[in-house]
Amino acid sequence: MNVRLQKILSQAGIASRRAAEQLIADGRVSVNGATVTAMGTKADLGADDIRVDGRRIKAAERTRYILLNKPSGVVSTRSDPQRRRTVVELLRGVGEYVYPVGRLDYDTEGLLLLTNDGDLAATLTHPRHGVDRTYEVKVAGMPDDDALIRLRTGIPLDGRRTLPADVSVINKGRRDRDGVLLMTIREGRNRQVRRMCEAVGHPVRELRRTRIGPIQDRRLKLGHWRELRDDEVKALRKSAAPRRPRAAASPRAE
Ligand code: URA
């Protein structure tokens, strides 16, 4: 059956629809030996030889939902032009072509989801349904109340204010020179936490993600991964569902 290429790629668990379009635009997809860059191109997975980066695409593999505790010094992409270590190298035993849901910076630690479920990945990274994420952030110096209020209410980044965030100081009242913050943000803008803290005069020294929506795991060791349980996948789907506008209160009939 002839189907649009980006749909074939996402159903085969190669990438989300949007990421698949990018793969096509980047000239990384071929059909029967010819590179395809035209977006509406259709093909038949049963009859055509479809490849991404030369690797033949097969019909859907087992759907995997992997939670990795990423160490710093590892890139959260599948490949790196600078040949740095990638998260995929940490997933020994995972044969499926899973890819990271969003990114953590090279020097950020913590929880990262990887999956070959293109639809869930697209929903989780969609700016309108994005799930909230919590970070433990060690910053230079101890932020005062004014800095905390600015972080909470929003910082202009690239001309657009960040959404309200939950920010608390974990080591308040101690004599520590540097603050350790717990920050929950509701968007995934590029280097968002680092840029927010920098903007209030407290550059980040260490950054660790401790929660992605309903998912957390304090016992997962750095550099280790595990499969999400079914109830966790369900909770994740639920938390990423588009938020419906709250129904207007209807007057009660007397
Ligand atoms: N915010 C950042 O600044 N970096 C990350 O890796 C994640 C969130």
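This is a predicted model: local features need pLDDT of at least 70, side-chain atom pairs count only at pLDDT 80 or more; totals for chains, interfaces and linings use all residues.

Reader: How many charged residues are in the lining of the second largest pocket?

Author: The lining consists of Ser-72, Asp-107, Glu-109, Glu-136, Val-137, Lys-138, Val-180, Glu-206, Leu-207 and Arg-208. Lining residues have an atom within 4 Å of a point of the pocket, an open set on a 1 Å grid over the protein atoms alone where a 1.4 Å probe fits, with protein on both sides within 12 Å along at least five of seven lines. By class, three are nonpolar, one is polar, and the charged ones number six.

Reader: Between which domains does the second largest pocket lie, and why?

Author: Domain bounds here come from an automatic or database domain assignment. Two domains both give residues to the lining, so the pocket lies between domain 2 (65-127 + 214-239) and domain 3 (132-212).

Reader: Which side chain makes a polar contact with the side chain of Thr-108?

Author: Thr-108 is among the residues around the ligand, those with a heavy atom within 4 Å of it. Its polar side-chain atom lies 2.9 Å from a ligand oxygen. A polar contact is a pair of N or O atoms within 3.5 Å; within protein, one must be able to donate a hydrogen and the other to accept it, and residues adjacent in sequence count only if both atoms are side-chain atoms. At 2.7 Å, the partner side chain is that of Arg-194.

Reader: Which ligand atom lies 2.9 Å from a polar backbone atom of Arg-194?

Author: Val-193 has a backbone N or O atom 3.2 Å from a ligand nitrogen. For the Arg-194 backbone, at 2.9 Å, the ligand atom is an oxygen.

Reader: Is Asp-158 buried or exposed?

Author: Most residues other than glycine have a negative phi. Asp-158 has a positive phi of about 50°, in the loop between strand 11 (156-157) and strand 12 (160-161). Buried means under 20% relative accessible area, exposed over 50%, partly exposed in between (1.4 Å probe, protein chains only). With a relative accessible area of 66%, Asp-158 is exposed.

Reader: What is the relative accessible area of Asp-53?

Author: Asp-53 also has a positive phi, near 50°. Asp-53 is partly exposed, at 47%.

Note on methods. Residues are numbered from 1 along each chain as its sequence is written. Side-chain values use heavy atoms; hydrogens and water are left out. Ala, Val, Leu, Ile, Met, Phe, Trp, Tyr, Cys and Pro count as nonpolar, Asp, Glu, Lys and Arg as charged, and the others, Gly among them, as polar. Helices (H or I, at least four residues) and strands (E, at least two) are DSSP runs, numbered from the N terminus.
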